[in-house]
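Thanks for coming, everyone. I'll walk through a few local details of one protein. Please look at the sequence and the structure on the screen.

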Amino acid sequence: MFEEELLEKTTVCTEILQDAKNELYLNMRFLDVALHSLVLFPTFDISSCATDGSLFYYQIPYLVEQYKTGNVVVNRLYLHSIFHCLFGHIWKEPGEERTLWDLACDIAMESIIDQLPLRCLRLPSKPYRRAVYDGLREKTRVLTAERIYTLLESAELDPRTVARMLQEFCVDDHRYWETDRKKQPQGMPDENKWKDIREKMETELQTFSKEACEDSKGLLEQLSVENRERYDYRNFLKKFCVLKEEMLVDLDSFDYIFYNYGMELYGNMPLIEPQETKEVHRIEDFVIAVDTSMSCKKELIQKFLEETYSVLSQSESFYRKFHVHIIQCDERVQSDTKITDEKELKEYMDHFEIRGLGGTDFRPVFSYVNRMLQEKKFSKLKGLLYFTDGYGRYPLKKPVYDTAFVFLREDYMDVDVPPWAIKLILGEEDLSEG
């Protein structure tokens, strides 16, 4: 009797969830593949619902009770789990405060759902939710889980505030998430599947679903941030290295066959010897310009300089004698510090102070560097890295050296740079992984 009742309730729950999928699909056709990528799985191991990227777990009594409240609640419940998969929360390494990471993920997903102007998702607006969203948006434009976690952690919230936020935003169980990435292979099938779905969804929203795009700005913004290409900053710096010969034995071009043949034929006279020079990439002359206008935060500038220092301080990255100019500039050049060795780099970082905090104008730096070139203060300037948020006046004329504008923003939205410049977008995690 119990098994028959359980089977009947499972069938009912399947119909409830199928109706939710259908209603969501009719309102957001761009979610078609995503909505049908989870297999429904009833269980008594949890008290609510959960997902691991392939299954949607639900407790039967819980789902039935939620449905009694209304189909909108079930729609939001299922879509919440779908969004966790879309944005890869299941496979991301959580922060040290796991509770805050779970909360950040839930707030991020609920913020998207609350922005969607659809009747099938609409619940009465809650003042507390609006207050939380408004407080977060004062500090970040796009409410990604990573950015929200950083803000929550830095706020040092008291336990009662955290408990209140969990009560408001906690929707599902996260116990099936992959919390230890070191034990898991990179690029797992489910993770790659959802990444592919996410990228195709962004393309569809930007090209074919214009009307849906207008109604889903919050979703599109988070998709854009999540889909942006990650870069290896160390590899990027190689673009600015100088190709030059050094006195090193080049074993890669050495042919042992002719060497051994000569030794056998003439006793102790090889027919070929290793080359005594080798072409290697080294940084020799380099400019790092830092936008110190009020729109750039000191901690982001420091993080960028620290990572740049860690790359330059590797012996294979620069010549024994090199010249790096670190220029701080807002609407005018505020300081120029010349670095010639590791000791000076470290001393500069230890006593770093931001100078400026005015407006933003990129042109003075280029004028200043061009003047130094005319005065022959560089033996061979390969390039200039300009760290900024992108909002300022650019030079019209292309300089004779390579230029890259580097953006370090979790909520980065696209900014046009001159066609002659390289645009590099980094997140804080891109720097810390280097």
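Let's start with helix H7, residues 145–155. Its buried residues are Ala145, Arg147, Ile148, Tyr149, Leu151 and Leu152. Buried means under 20% relative accessible area, exposed means over 50%, and partly exposed is in between, with a 1.4 Å probe and protein chains only. Helices here are DSSP runs of H or I with at least four residues, strands are E runs of at least two, and both are numbered from the N terminus.

A word on the source. This is a predicted model, where local features need pLDDT of at least 70, side-chain atom pairs count only at pLDDT 80 or more, and totals for chains, interfaces and linings use all residues. Residues are numbered from 1 along each chain as its sequence is written, and side-chain values use heavy atoms, with hydrogens and water left out.

Now step just past H7. Glu156 sits there with a positive phi of about 50 degrees. Glu156 is not a glycine. Most residues other than glycine have a negative phi. Glu156 belongs to the loop between H7 and H8. Is Glu156 buried or exposed? Exposed, at a relative accessible area of 70%.

Lys376 is another case. Its phi is positive, near 60 degrees, and Lys376 is not a glycine either. Look for Lys376 in the loop between helix H16 (363–374) and E8. Lys376 is exposed, with a relative accessible area of 71%.

Next, helix packing. Two packed helices are described by the angle between their axes and the distance between the axes. Axes are lines fitted to C-alpha atoms, for helices over the stretch in contact, and angles run from 0 to 180 degrees between N-to-C directions.

Take H6 (residues 127–137) and H8 (residues 159–169). Their axes come within 11 Å and cross at roughly 115 degrees. H6 and H8 are therefore roughly perpendicular. The cut-offs: under 35 degrees is roughly parallel, over 145 roughly antiparallel, 65 to 115 roughly perpendicular, and the rest oblique. Which residues of H6 and H8 meet? Tyr128, Arg129, Val132 and Tyr133 from H6, against Thr161, Arg164, Met165, Glu168 and Phe169 from H8.

H5 (residues 98–115) also packs on H6. The axes of H5 and H6 come within 11 Å and cross at roughly 110 degrees. That makes H5 roughly perpendicular to H6. H5 brings Ile107, Glu110, Ser111, Asp114 and Gln115 to the contact, and H6 brings Arg129, Tyr133, Leu136 and Arg137. Contact means heavy atoms within 4.5 Å.

Now Asp52. Asp52 is in the loop between strand E2 (49–51) and strand E3 (55–58). Asp52 counts as buried, at 18% relative accessibility. A polar atom of the Asp52 side chain lies 3.0 Å from the backbone nitrogen of Ser54. For the backbone nitrogen of Leu55, that distance is 2.8 Å. Leaving aside neighbours within four places in sequence, Asp52 contacts Tyr57, Ile90, Trp91 and Tyr176.

Last stop, Thr388. Thr388 lies in the loop between strand E8 (381–387) and strand E9 (402–408). Thr388 is buried, at 1% relative accessible area. Its side chain joins that of Asp291 by a polar contact of 2.8 Å. A polar contact is a pair of N or O atoms within 3.5 Å; within protein, one must be able to donate a hydrogen and the other to accept it, and residues adjacent in sequence count only if both atoms are side-chain atoms.
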